[in-house]
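Reader: Can we go through this model together? I'd like to know what to look at.
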Amino acid sequence: MPSPDGPGAAAGPAAPATQGGAGRAPFGARLWAAMQAKGPLCVGIDPHPGLLAAWGLPDTPGGLRSFSLAALEAVAPLAAAVKPQVALYERHGSAGMAALEELLAAASQAGVLTIADAKRGDIGSTMAGYADAWLRDGSTLAADAVTLSPYLGFESLRPALDLAAANGRGVFVLALTSNPEGASVQHVGGSESVARRIAGAAAVENQRYARDVLGSVGLVVGATVGSALADLGIDLSAVRGPILAPGLGAQGATGADLRATFGASYPAVLATSSRGILAAGPDVAALRAATREALQGL
Ligand SMILES: O=C(O)c1cc(=O)[nH]c(=O)n1[C@@H]1O[C@H](COP(=O)(O)O)[C@@H](O)[C@H]1O
């Protein structure tokens, strides 16, 4: 469970530094409140073909819809956020994306934060299109936050960073991903590694928030990265944003690994697990028990 001392160096009241758009508090403040209320777990909604089959559902848009809404219903009372994996909806074209839209609306209705795992990134002019899709009020795909890939340069993400800040939404920028291949790009540069630069840029973005509030520009740092943060000299407490940590469960990481990996930054960590929880379905009670078990390990 997160420390009651809050996410940053200084403890204090969790009042947002600025009001987000649409009358909504900034994403970081809303996520922090959800983590305090429910615990630091995000459940990934990844409708893999194999999981659909195991749940007795067809690999069709209708199957995706049933899977997504059932998973949401099961985990909503326990998860601070849900993270639909966009690729698995996209593979069914527009009808698959309609199932994703329905899930996003249902989660919002249920009061569960949504993180669209779309990993978008492009030159600024195109990035504005992605920002509109995932972060603009009124878009049918709008989520509370979206994952972004910074490998066209952190600053290329500007349209999404600005639209998120204006609308009380958030972003999670890939820094150190959970897959072993990530190191071949992210570790490059030694003490001035790519990952360290991304973390530094996120810290600058979060300066707009008061020191005692979790910022809305988060990073993705895998629960499986081991000693990489220390090896690369990356201090996540300086980022003052949420850390989305995939790798729990199916990729082998445990709650103990998370604490060892993130150390003093652990209170800002939102651990995420998809297959490790979804494999317990389709029974709602079994899904809830798996979610509770994941939470107890954090
Ligand atoms: O951005 C992500 O969520 C992500 C980043 C990363 O470094 N590693 C990673 O596994 N993910 C996503 O997190 C989910 C992990 O799924 P499980 O391994 O089934 O828990 C998948 O949807 C991945 O695409």
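Reader: Where does Lys83 lie?
Author: Lys83 lies in strand E2, residues 81–84. Helices (H or I, at least four residues) and strands (E, at least two) are DSSP runs, numbered from the N terminus. This is a predicted model, with residues numbered from 1 along each chain as its sequence is written. Local features need pLDDT of at least 70, side-chain atom pairs count only at pLDDT 80 or more, totals for chains, interfaces and linings use all residues, and side-chain values use heavy atoms, with hydrogens and water left out.

Reader: Is Lys83 buried or exposed?
Author: Lys83 has 6% relative accessibility, so it counts as buried. Buried means under 20% relative accessible area, exposed over 50%, partly exposed in between (1.4 Å probe, protein chains only).

Reader: What does Lys83 touch?
Author: Leaving out residues up to four places away in sequence, Lys83 touches Cys42, Val43, Gly44, Ile45, Asp46, Ile115, Asp117, Leu244 and Thr272. Contact means heavy atoms within 4.5 Å. Take Ile115: it is 32 residues from Lys83 along the chain, yet their C-alpha atoms are separated by 4.6 Å.

Reader: Now pockets. Which residues lie nearest the centre of the largest pocket?
Author: Lys83 again, with Asp117, Ser178, Pro246 and Gln251. The lining has 23 residues, and the volume is about 340 Å³. E3 (113–120), E7, E8 (269–273) and helix H12 (275–278) each give two or more residues to that lining.

Reader: How is a pocket defined?
Author: On a 1 Å grid over the protein atoms alone, a pocket is an open set of points with protein on both sides within 12 Å along at least five of seven lines. A cavity is a set of points where a 1.4 Å probe fits but cannot get out. Lining residues have an atom within 4 Å of a point. Grid points are joined across faces, edges and corners, and a volume is the space filled by probe spheres set on the points.

Reader: How many cavities of 30 Å³ or more are there?
Author: The count is 2. The largest cavity holds about 50 Å³ of space. Its lining includes Leu161, Arg169, Glu205 and Val217. H7 (158–167) gives the largest share, 3 residues.

Reader: What classes of residue line the largest cavity?
Author: There are 6 nonpolar, 2 polar and 3 charged residues. Ala, Val, Leu, Ile, Met, Phe, Trp, Tyr, Cys and Pro count as nonpolar, Asp, Glu, Lys and Arg as charged, and the others, Gly among them, as polar.

Reader: Which strands pair with E6?
Author: E5 runs parallel to E6, joined by 5 bridges. There, Phe172 stands opposite Gly218. E7 (residues 243–246) also pairs with E6 in the parallel sense, over 2 bridges. Two strands pair if DSSP finds at least two bridges between them.

Reader: What is the mean pLDDT of the chain?
Author: The mean is 93, and 92% of residues reach 70 or more. pLDDT is the predictor's confidence in each residue, from 0 to 100. Over residues 8–17, though, the pLDDT is below 50. Where pLDDT is low, the predicted coordinates should not be read in detail.
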